[in-house]
Each structure stands twice: as structure tokens, then as C-alpha cells.
Amino acid sequence: MTTNTEAKLLVVDDEPNIRELLATSLRFAGFDVVAAGNGNDALKAAEESAPDLVVLDVMLPDMDGFTVTRRLRATGKHIPVVFLTARDDTSDKITGLTVGGDDYVTKPFSLEEVVARIRAVLRRTRGAEDDESAVVGVGDLELDDDTHEVRRAGFLIDLSPTEFKLLRYLMLNANRVLSKAQILDHVWEYDFGGDTGIVESYISYLRRKVDVAPESELPGATEADNWVPMIQTKRGVGYMLRAPK
């Protein structure tokens with residue numbers, strides 16, 4: 001009985017070598033894994049094993065991964081789905097988002113990338129489901145999904161809807177570097193035709209609000225002592241939100 005596993009995963013791929021490699025590697029990473037080789041078996045396995053997340057190949061012999069996801073959603077199962085696709089195709093990614101996919105990994109992939117994507121999706125989905133008040137916290141920064149309020153050290157921060165969505169994504173992936181492309185994908189709804197410059201602009205807007213101390217509320221205090229910047233730039237890589245030490 002695997003009571004100490006990180007999560008239960010359903011891995012679906014029609015290529016036996018890839019399926020076995022993924023299943024073995026994910027078990028080694030601490031997951032409980034069930035495997036299936038086609039869409040019908042995947043639907044049966046999802047019903048019987050109740051996985052926490054599905055790693056799903058788009059191209060399957062009996063039905064594609066999008067159809068599998070639609071059928072899962074039609075039965076009321078909102079299991080997170082990470083698609084595996086052989087094509088880095090914008091239309092595929094938009095379709096996957098539309099049917100309820102949570103992330104994509106393009107073949108050929110590294111096993112480290114697959115594990116990282118799975119854990120990121122689990123953090124995002126569990127963060128929304130497990131917290132009854134839908135409050136996400138990093139250090140002295142708190143974001144409330146229900147009221148759409150953000151506070152730092154108790155002070156209310158006024159954010160636009162896009163700023164709120166961007167900050168939420170950064171907070172759910174705290175201490176992890178996110179590329180501009182990843183941020184664009186998740187905050188701007190997988191708009192791969194978009195300009196990553198918009199990410200830079202919104203990061204700048206967020207910094208002015210989240211990383212700058214409200215001097216009127218902290219008379220005589222210095223920003224360095226009381227309001228440590230949390231949004232960090234990793235040059236050539238992306239951005240990361242880190243809690244002050």
C-alpha cells in the first residue's frame with residue numbers, strides 16, 4: 001500500500017517504451033503510477049484508480065487525448081491533465097486549453113521537465129482546492145481568490161485583474177524561475193502570438209505595487225529594512241517570486 005507517495009498519476013501513451021520509461025521514472029520520483037496504452041483504457045483507469053493527475057499523449061490509436069479529456073470532463077471529473085505532444089503546434093495547445101488541459105510537454109522531453117511540470121500543476125490545482133478560503137501566502141504577502149484582495153504586511157494592494165492573475169501564478173510557483181513564455185502561456189491564455197514584452201511591462205507594474213513600501217504607512221522606515229523586494233529577475237531565464245528571509 002503506497003500511503004507515502006506524492007500523488008497518484010495516470011500515464012497514457014501508446015508507445016510501450018515511452019510509457020514504461022515515464023512510469024518507472026515517475027515512481028522513482030515518488031509518485032504512485034497507473035499506466036494505460038489507449039484512450040478507452042485510460043477512461044477505465046481514471047474511473048477505477050481516481051488519479052490526482054493524468055499525463056496524456058495527444059496521439060492515441062483509438063481516440064486522441066483531447067477526446068479523452070472531453071469525456072473525462074463530461075463525467076464530471078476535473079482531474080488535472082498534462083498533455084504530451086510530438087508537435088510544438090499553437091493550434092494543438094489552444095485546443096488542449098479549450099478542452100481543459102493544464103499544461104504541455106513537447107516530445108522529445110527530459111524526464112526532469114515532466115516531473116517539474118507535474119509538480120507545478122499539482123501545486124496550482126491543490127492550492128485552489130485544498131485551501132477553503134482560497135488564500136495563497138508567501139512570506140508576508142497574501143492573495144485571496146474569493147475577495148480578489150492582495151495584502152502585504154497587512155496593507156491592501158490595489159491590482160488590476162491581469163496583475164492579480166500574474167501575481168497569483170508567481171505565488172503558486174514561489175521559489176521557481178518562470179520563463180517569459182511560461183508566464184505568457186498561463187496568464188495570457190496560451191497566446192503564443194503575443195509579445196513577451198508584455199510580461200516585462202506587467203512585472204514592472206507589479207514591482208511598483210508589491211515591492212515598494214508604502215512610505216506613508218511606515219513613517220521613518222526604509223524599504224531595505226521593512227519591505228524586501230520579492231520579485232526577482234534571473235537574467236536570460238525569467239522571473240521568480242521569493243519570500244524574504
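Author: Helices (H or I, at least four residues) and strands (E, at least two) are DSSP runs, numbered from the N terminus. This is a predicted model: local features need pLDDT of at least 70, side-chain atom pairs count only at pLDDT 80 or more, and totals for chains, interfaces and linings use all residues. Residues are numbered from 1 along each chain as its sequence is written, and side-chain values use heavy atoms, with hydrogens and water left out.

Reader: Where does Ala153 lie, and what makes its phi worth a note?

Author: Ala153 sits in the loop between β8 (149–152) and β9 (155–157). Its phi is near 50°, a positive value in a residue other than glycine.

Reader: Why is Ala153 called partly exposed?

Author: Its relative accessibility is 42%. Buried means under 20% relative accessible area, exposed over 50%, and partly exposed in between (1.4 Å probe, protein chains only). Ala153 therefore counts as partly exposed.

Reader: How is Ala50 classed?

Author: Ala50 has 53% relative accessibility, so it counts as exposed. Ala50 is in the loop between α2 (39–49) and β3. Its phi is positive too, about 50°, and it is not a glycine.

Reader: What makes β4 a mostly covered strand?

Author: Five of the five residues in β4 (residues 81–85) are buried. Val81, Phe83 and Thr85 are on one side, and Val82 and Leu84 on the other. Both faces are covered.

Reader: How do you know that β3 and β4 pair?

Author: Pairing takes at least two DSSP bridges between the strands. β3 (residues 53–57) and β4 have four, in the parallel sense. Asp57 stands opposite Leu84 of β4.

Reader: What handedness has the β-α-β unit of β3, α3 and β4?

Author: The unit, with helix α3 at residues 65–74, is right-handed. With the strands pointing away from the viewer, the path from the first strand over the helix to the second runs clockwise.

Reader: Why are α6 and α8 called roughly perpendicular?

Author: The axes of α6 (residues 161–172) and α8 (residues 197–210) cross at roughly 85° and come within 10 Å. Angles of 65 to 115 degrees count as roughly perpendicular (under 35 roughly parallel, over 145 roughly antiparallel, the rest oblique). The pair is therefore roughly perpendicular.

Reader: Which residues of α6 make the contact?

Author: Thr162, Glu163, Leu166, Leu167 and Leu170, where contact means heavy atoms within 4.5 Å. Their partners in α8 include Tyr202, Ile203 and Leu206.

Methods:
Axes fitted to C-alpha atoms, helices over the stretch in contact; angles between N-to-C directions.
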